[in-house]
Amino acid sequence: MGICGIPGRHTMQRVALAHVLAGSMLPAASLAQDFELSDDMFDEAEASSSTPPDATGSWTDRLTMELGHQVLGHLNRNRQTTPDGIIQQAHGLEVNRLSANLRFQELYDNGWLLRATGRIKAYLPGGYEFDNSARPDHETWLDELYLQRSGSDHSVTLGRQTIVWGETVGNSVLDIINTTEYRDLTIIDLEDARRHQWMVNWDWFSDAGTISGFVNLYPEFNPLPVVGSPLFPELPWRLPTARRDEALFETGVRWQHSLPGSDLAIMAAWLYENDVSYAPPAAGETDARPLFNDHLLLGFSGNRAIGRLLLTLDIAYSRNVLAAYAPVRENGSALPRYHPTDRLATSAGLEYALTTTRQFSFSVAAEKFSGARHIHGNLQLVDADTRGNLLLRYSQRHLNEDLVLSATLQSELDGDLSLANLAADWRINDDWSLGTQLIVTRAEHDSLFPGLDEDVRLGTRLSFSF
Amino acid sequence: MTALSNSGAYARMLGGAGILLLMIFSTSAQGNEGRQIMEQVEDNQRKLTQAAFNRVQLSSCRYGLQNNQITCADRPRVKSLETVQINIGDAQRDTRTISIVREPAAENGVGMLSYTYDDVDRDNETWLYLSALGQVKRIAAGNSEDDHEPASLFGSEFTTEDQDTGKLDDYAIRILEETEISDQAVWKIEAIPDEDRMRKTRYARVVHYVDRERHVVLRSDMYDRQGREIKRLMASRIEKINGVWTARSLTMLNLVSNRLSNMAIREINTDIDIPADFLTTRTLTDSAYRETELRRLRQQIDSRASD
């Protein structure tokens with residue numbers, strides 16, 4: 001059985017034009033009508049290639065690239081109240097960048113696979129990253145670079161990769177193997193913020209489930225936001241780049257098993273906290289002191305499908321994480337000190353497919369600190385001993401998923417900080433896509449980012465893939 | 001058995017028999033015994049879903065009518081897929097299907113795994129892998145107790161509800177009449193879900209047109225609870241594969257949204273040596289394993305062709 005011929009690009013353009021013209025004249029089919037159907041038209045619309053990308057051809061056939069231009073600006077900005085009065089921050093462009101994303105995958109004989117993905121970004125005038133004294137006007141990232149070898153029961157992956165634990169999409173307390181970077185408000189979802197790390201990962205597949213283990217000999221940490229970013233913290237001292245003075249490592253193991261209607265997993269890991277804690281500078285210094293902290297993680301994750309409803313649950317118990325404590329004083333001016341404590345965290349979510357094209361998900365994550373050690377005197381947690389956040393997502397797909405409308409709401413449970421994102425992503429064709437987002441933030445004065453209160457941002461991104 | 005009975009191997013690509021199943025035909029249809037026709041349809045269909053490796057093109061567009069002819073009103077969006085399926089279970093009546101997107105390049109590697117069970121008491125299961133999420137996600141998309149549609153398959157008008165295997169016991173099946181469509185003599189067969197199944201399906205009634213000469217379902221009309229026809233499945237390019245007549249082109253028209261999807265089977269290869277472990281969630285995430293096994297399957301087909 002052969003594969004039909006592949007029409008050239010010009011042919012496809014003519015076909016597309018004919019379809020557009022025809023579409024302007026055609027009435028919609030009514031329910032009661034009988035009609036004829038000739039499927040010859042789908043021969044004209046054959047995929048650009050019927051040959052699997054990894055099967056034959058040169059290496060360039062396995063290379064894909066996406067070029068994009070993104071801008072984001074303010075529609076409204078926070079008004080800061082100072083002793084001198086109310087200061088209205090300037091409106092204008094906040095993000096203006098070009099990017100190129102590359103992806104390459106090559107399958108070799110004997111089950112070896114090489115995969116690499118990377119990004120190049122160039123910052124343009126008007127954006128906070130342009131002409132930034134702390135960094136050049138362009139950056140490159142190597143996201144993935146790994147070799148994978150898979151046999152009948154085993155698979156080993158060596159290189160820069162991600163490992164995702166937990167079931168609650170976007171809000172899992174177990175999804176902490178990899179670091180994240182929320183550089184600015186253009187990155188909303190955890191999936192987009194996840195960064196890769198150099199690791200070796202091993203999977204053993206059997207009827208009793210899958211056992212996976214990893215070792216990370218160079219743990220990385222969540223990078224600080226770029227100076228000038230709306231997420232850059234305003235602190236009285238400088239936060240230096242975290243520098244390690246000794247060899248660090250992380251390791252973990254997970255067992256997964258699928259039952260009818262459910263997937264379950266238990267895991268244990270020795271990890272470093274992704275967010276580096278900073279102790280106040282020593283006397284006479286201006287730089288805060290980074291604290292690398294390792295801890296033990298024990299976890300459970302599971303899901304349960306009930307009809308169109310999917311329930312998810314993640315539980316993480318962490319022993320010896322750092323929490324900030326300060327002496328109990330009425331004026332609250334004492335500097336915090338970090339003490340190891342235990343943390344019980346859980347995230348629970350539900351996903352519901354309202355229709356073929358509309359989906360809704362809701363999740364809550366909460367954590368509670370207890371059992372602080374090495375505390376002397378009258379100390380209390382700087383933050384509440386229990387805190388959490390919620391994530392609500394709604395998406396509606398149209399035109400066979402060419403147009404996706406989505407709404408996201410993230411908020412701390414106490415309401416101090418919240419973000420709403422309305423997005424429309426339009427896949428114009430296989431090559432071009434256009435996305436827009438409207439971001440509204442609200443923050444209390446005592447929250448981590450009071451400068452985000454009442455901010456409204458509007459952005460767009462145009463991309464071309466080939 | 002739901003509305004989507006379709007032909008052969010790619011029927012299972014969607015995860016199942018359902019409407020697709022009925023698009024195959026009975027070799028022993030007798031009189032107006034609709035149930036027997038459907039049972040035979042399933043038996044024949046399984047001949048094409050046993051250890052099958054297929055290449056499928058999925059095209060979707062908005063449609064309109066021109067001279068009573070359905071025409072795409074915009075340029076169709078096309079995905080090419082590779083699908084692998086096996087029958088399992090004591091009576092080989094359950095099916096496991098995995099579908100991998102090959103084109104467009106930006107979606108290459110996106111996969112869907114479906115387990116469809118013949119047992120009426122056992123819901124089908126589906127997992128999806130999206131590289132953006134970095135993990136396999138169980139899809140809760142079917143068998144809900146309302147009248148909405150379940151999840152779409154790769155953005156097409158085919159849905160996961162069409163994954164249901166036969167489950168004939170859940171339906172009242174009867175032949176309505178013997179008639180003709182497109183100059184072909186057909187049985188017009190009605191399938192109405194019972195109370196339990198009604199709660200799990202959007203299709204309150206399905207009418208199939210089974211070619212009496214070639215025993216192929218040429219068309220299925222799906223109705224909602226208000227009696228409105230909401231979808232229509234049309235089959236064409238009827239060919240005999242492994243001794244079984246089957247439709248190599250299926251078009252699902254959504255009569256509410258005026259959009260359609262065409263599923264064209266470019267290749268059907270059956271009785272391939274497929275390891276059962278390939279039809280597990282591992283294949284969704286383990287790229288090296290997936291691509292190595294797929295390469296072996298392609299080599300089997302190539303060597304068979306050269307013989």
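**A loop residue, then chain B**

Analyst: A208(A) is exposed, because 9 other C-beta atoms lie within 10 Å, and a residue counts as exposed at 12 or fewer. In chain A, the loop that holds A208(A) runs between β9 (197-206) and β10 (209-216). From A208(A) to D143(A) the separation is 65 residues in sequence and 33 Å in space, C-alpha to C-alpha.

Now to chain B. The model is predicted, with an ipTM of 0.74 and a pTM of 0.77. Chain B contains six helices and 14 strands. It has 307 residues, of which 61% count as buried. Taking the contacts in chain B between residues at least 6 apart in sequence, 53% join residues that are at least 24 apart.

The mean pLDDT of chain B is 78, and 83% of its residues reach 70 or more. Helix α5 (residues 282-285) of chain B has the highest confidence, at 91, while helix α1 (residues 8-13) of chain B has the lowest, at a mean of 37. The pLDDT is below 50 over residues 1-31 of chain B, yet this stretch has 172 contacts in the model beyond near neighbours in sequence. Residues 143-148 of chain B also have a pLDDT below 50, and that stretch has 13 contacts beyond near neighbours in sequence.

Terms used. Residues numbered from 1 in each chain as written. Chains lettered and ligands numbered in written order. Predicted model: local features only at pLDDT ≥ 70, side-chain atom pairs only at ≥ 80, totals over all residues. Helix = DSSP H or I, 4+ residues; strand = E, 2+ residues; numbered from the N terminus. Buried ≥ 20, exposed ≤ 12 C-beta atoms within 10 Å, placed from the backbone. Contact = placed C-beta atoms within 7 Å. pLDDT = per-residue confidence, 0-100.
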